[in-house]
Amino acid sequence: MRIIVKAKNGPNFRLLLPTALILNRFTAGWVCKSMDSNGMHLSKEQAVAFLGELKRYRRKHRDWVLVEVRSAGGDYVKVKL
């Protein structure tokens, strides 16, 4: 996963995170607990299945961009899986 932030009046940075660090069973459990505390329900099995499909999709579509935002102030944020 790549996170790129370009600020008009500040520092720019790039953050590279291994996809395996983001899309794993531990993260699936953490997401389930976080959703439960906010009134939504998702079982750990469902979260693991979703993250598995997300990994499979990422392998097929290498240039998939999750978020790309350009603000009126000139800031730019891009999150690529």
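Asp63 is exposed, with a relative accessibility of 62% (exposed is over 50% relative accessible area, buried under 20%, partly exposed in between, with a 1.4 Å probe and protein chains only). The model is predicted: local features need a pLDDT of at least 70 and side-chain atom pairs count only at pLDDT 80 or more, while totals for chains, interfaces and linings use all residues. Residues are numbered from 1 along each chain as its sequence is written, and side-chain values use heavy atoms, with hydrogens and water left out.

The side chain of Asp63 meets that of Lys80 in a salt bridge, at 3.4 Å from N to O (a salt bridge needs a side-chain nitrogen of Lys or Arg within 4 Å of a carboxyl oxygen of Asp or Glu). Lys80 is partly exposed, at 22% relative accessible area.

## The salt bridge within α3

The whole structure contains two salt bridges. Besides the pair described above, Arg56 forms a salt bridge with Glu53, and the closest N and O atoms are 2.7 Å apart. Both residues lie in helix α3, three residues apart, about one turn of the helix. Arg56 is partly exposed at 42% relative accessibility, and Glu53 is partly exposed at 43%. Side chains of opposite charge can pair when their charged atoms come close.

## Nonpolar core

The largest nonpolar core has eleven residues: Met1, Ile3, Val5, Leu23, Ala28, Cys32, Ala47, Leu51, Leu54, Val79 and Leu81 (a core is a set of buried Ala, Val, Leu, Ile, Met, Phe, Trp, Tyr and Cys residues joined through side-chain atoms within 4.5 Å). At least two residues of this core come from each of β1 (2–6), α2 (25–37) and α3 (44–60). Helix α3 gives the most, with three residues.

With neighbours within four places in sequence left aside, Ala47 is in contact with Ala28, Cys32 and Leu42 (contact means heavy atoms within 4.5 Å). Thr19, in helix α1 (residues 19–22), is buried at 13% relative accessible area. Residues up to four places away in sequence not being counted, Thr19 touches Met1 and Arg58.

## Aromatic pair

One aromatic pair is present in the structure. Tyr57 and Trp64 form this pair with edge-to-face geometry, at 4.8 Å centre to centre and 70° between the planes (rings of Phe, Tyr and Trp, the last by its six-membered ring, pair if their centres lie within 6.5 Å; planes under 30 degrees apart count as stacked, over 60 as edge-to-face and the rest as tilted).

Tyr57 is partly exposed, with 37% relative accessible area, and Trp64 is also partly exposed, at 28%. Tyr57 lies in helix α3.

## Nonpolar surface patch

Leu66, Val67, Val69 and Val77 make a nonpolar surface patch of about 270 Å² (patches take residues with over 30% relative accessible area and no salt bridge, joining like charges within 9 Å and nonpolar side chains of Val, Leu, Ile, Met, Phe, Trp and Tyr within 5 Å). Areas come from the Shrake-Rupley method with a 1.4 Å probe, and for residues only the protein chains shown count as cover.

Strand β3 (residues 65–70) supplies the largest share of the patch, three residues. Val77 is in strand β4 (residues 76–80) and is partly exposed at 31% relative accessibility.

Arg14 lies in strand β2 (residues 13–16) and is exposed at 60% relative accessibility. Apart from neighbours within four places in sequence, Arg14 is in contact with Ile3 and Ile4. Arg14 and Leu51 are 37 residues apart along the chain, with 24 Å between their C-alpha atoms.

Lys33 is in helix α2 and is exposed at 65% relative accessibility. From Lys33 to Gly52 the C-alpha distance is 18 Å, with the two residues 19 apart in sequence.

Definitions and conventions
Helices (H or I, at least four residues) and strands (E, at least two) are DSSP runs, numbered from the N terminus.
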